[in-house]
Amino acid sequence: MGASATEQSRPLPARETVLEVEGLHTRFELDDGVVHAVNGVDLAIGRGEVLAVVGESGCGKSVMARSVLRLVDRPGRITAGHIRVRTDDGTADMVTADPRTVRSVRGNRVAMVFQEPMSSMSPMHTLGNQIGEAIRLHEPVTKAEARRRTVELLGRVGIPAPARRVDEYPFQMSGGMLQRVMIAMALACGPQLLIADEPTTALDVTTQAQILDLLRSLQQETGMAVMLITHDLGVAARMADRVAVMYLGTVVEEGPLDDVFRAPRHPYTKALLRSVPRLGSGSRERLKPVRGMVPHAYRRPAGCPFHPRCDAFMPGRCDVTRPTPVRAADRPGAVSCLLYEEEDPA
Ligand SMILES: Nc1ncnc2c1ncn2[C@@H]1O[C@H](COP(=O)(O)OP(=O)(O)OP(=O)(O)O)[C@@H](O)[C@H]1O
Ligand code: SF4
Ligand SMILES: [Mg+2]
């Protein structure tokens with residue numbers, strides 16, 4: 001770590017790729033054992049694309065997202081892999097980037113919105129001060145200009161009477177309004193990628209729908225890419241162009257939304273989809289939760305991480321061999337399951 005990011009990283013493959021994560025491992029070495037929170041994640045996001053990252057609680061979605069911005073809490077540590085972000089002069093690898101590059105990516109390229117807006121706002125400063133600061137970190141503008149832009153941004157994210165509310169403090173706002181403020185703050189740097197980690201989970205259903213609509217329309221207006229992390233498959237279905245399904249720190253299936261949700265291939269994706277009510281099916285449909293429990297964080301199963309819960313488990317294979325991503329000839333995307341092993345490796 002600490003070496004110049006641009007030297008060590010190779011260019012991003014497709015011209016339009018804004019983020020490529022390859023072989024990412026992030027772990028927590030604790031007194032009782034090691035938590036392999038992210039255990040070999042591969043994924044990419046194209047310009048203007050909305051990628052939903054879905055999976056049960058504890059599968060590593062947040063740690064993966066925080067790794068992208070090098071915001072993993074101690075004692076968490078990235079131990080392997082690449083996180084390539086497009087920059088003006090090429091590509092930065094966030095895994096090896098020096099602190100200046102990391103700050104520049106955070107300030108100019110990739111922004112993040114968290115589930116709990118208060119966790120990333122200061123209760124002591126007005127909205128105007130906080131968003132104004134974010135703007136001034138990104139561009140050398142006067143305080144007056146930063147304030148003018150803050151009012152404009154607050155209006156854009158649907159805050160009523162922005163010229164007045166710019167002088168209010170976070171505690172004076174409702175949860176939904178605060179989440180809008182967080183989005184305004186994230187937009188202040190004109191990001192090419194917005195990572196939104198469960199941005200609506202803490203909100204009521206109506207406010208949740210409004211915030212998702214806002215995110216979608218801002219995404220279309222600005223052309224930024226969005227990584228939307230959610231455990232809610234309904235939210236993913238509504239928002240995403242592509243989906244990545246995570247289980248125990250790895251992406252087990254990814255592809256266009258329609259392919260993954262209408263014709264899932266991985267047994268875990270199938271089980272997840274069976275566990276949510278289908279639209280229009282009424283409330284009488286019997287839901288089947290995914291069988292078994294997510295294993296304890298310290299005890300990773302050998303072979304395929306999903307094997308203790310899998311209906312298609314093949315003894316002697318699935319508990320021995322770790323599947324790698326394979327691509328089908330007839331559709332985009334990839335799946336990591338030994339049932340598809342004879343297809344071309346991705
Ligand atoms: N600060 C930490 N210290 C130790 N372990 C951690 C820490 N943060 C996360 N973990 C562990 O890393 C694993 C992945 O956690 P993560 O928060 O990324 O899951 P998630 O998919 O975001 O879940 P959720 O849907 O509940 O938000 C879990 O086993 C979690 O306990
Ligand atoms: S590799 Fe085996 S255990 Fe894992 S998902 Fe595929 S069939 Fe199930
Ligand atoms: Mg999380």
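# Reading a predicted model

Trainee: Is cysteine 318 buried or exposed?

Mentor: Cysteine 318 is buried, with a relative accessible area of 9%. Buried means under 20% relative accessible area, exposed over 50%, and partly exposed in between (1.4 Å probe, protein chains only). Cysteine 337 also counts as buried, at 9% relative accessibility.

Trainee: What should I keep in mind about the numbers?

Mentor: This is a predicted model, where local features need pLDDT of at least 70 and side-chain atom pairs count only at pLDDT 80 or more, while totals for chains, interfaces and linings use all residues. Residues are numbered from 1 along each chain as its sequence is written, chains are lettered from A and ligands numbered from 1 in the order in which they are written, and side-chain values use heavy atoms, leaving out hydrogens and water.

Trainee: How many disulfides are there?

Mentor: A disulfide is a covalent bond between the sulfur atoms of two cysteines. Counting pairs of cysteine sulfur atoms within 2.5 Å, we get 0 disulfides here.

Trainee: In what order do the strands of the sheet lie?

Mentor: Helices (H or I, at least four residues) and strands (E, at least two) are DSSP runs, numbered from the N terminus, and two strands pair if DSSP finds at least two bridges between them. Here 4 strands form an open, antiparallel sheet in the order β2-β1-β4-β5. β2 (33–46) and β5 (90–93) stand at the edges with a single partner strand each, so one side of each has no neighbour in the sheet. Between β1 (residues 17–30) and β2 there are 10 bridges; threonine 17, for example, has glycine 46 in β2 as its bridge partner.

Trainee: Which strands does helix α2 lie across?

Mentor: Look for contact, meaning heavy atoms within 4.5 Å. Axes are lines fitted to C-alpha atoms, for helices over the stretch in contact, and angles run from 0 to 180 degrees between N-to-C directions. α2 (residues 61–68) lies across β1, β2 and β4 (76–87), at about 115 degrees to β1. In α2, 6 of the 8 residues are buried, so the helix is largely enclosed by the rest of the structure; among them are Val63, Met64 and Val68. Just after α2, arginine 70 has a positive phi of about 55 degrees.

Trainee: How do helices α4 and α7 cross?

Mentor: Two packed helices are described by the angle and the distance between their axes. The axes of α4 (residues 127–138) and α7 (residues 175–187) come within 8 Å and cross at roughly 25 degrees. In this pair, Leu127, Gln130, Ile131 and Ala134 of α4 meet Val181, Ala184 and Met185 of α7.
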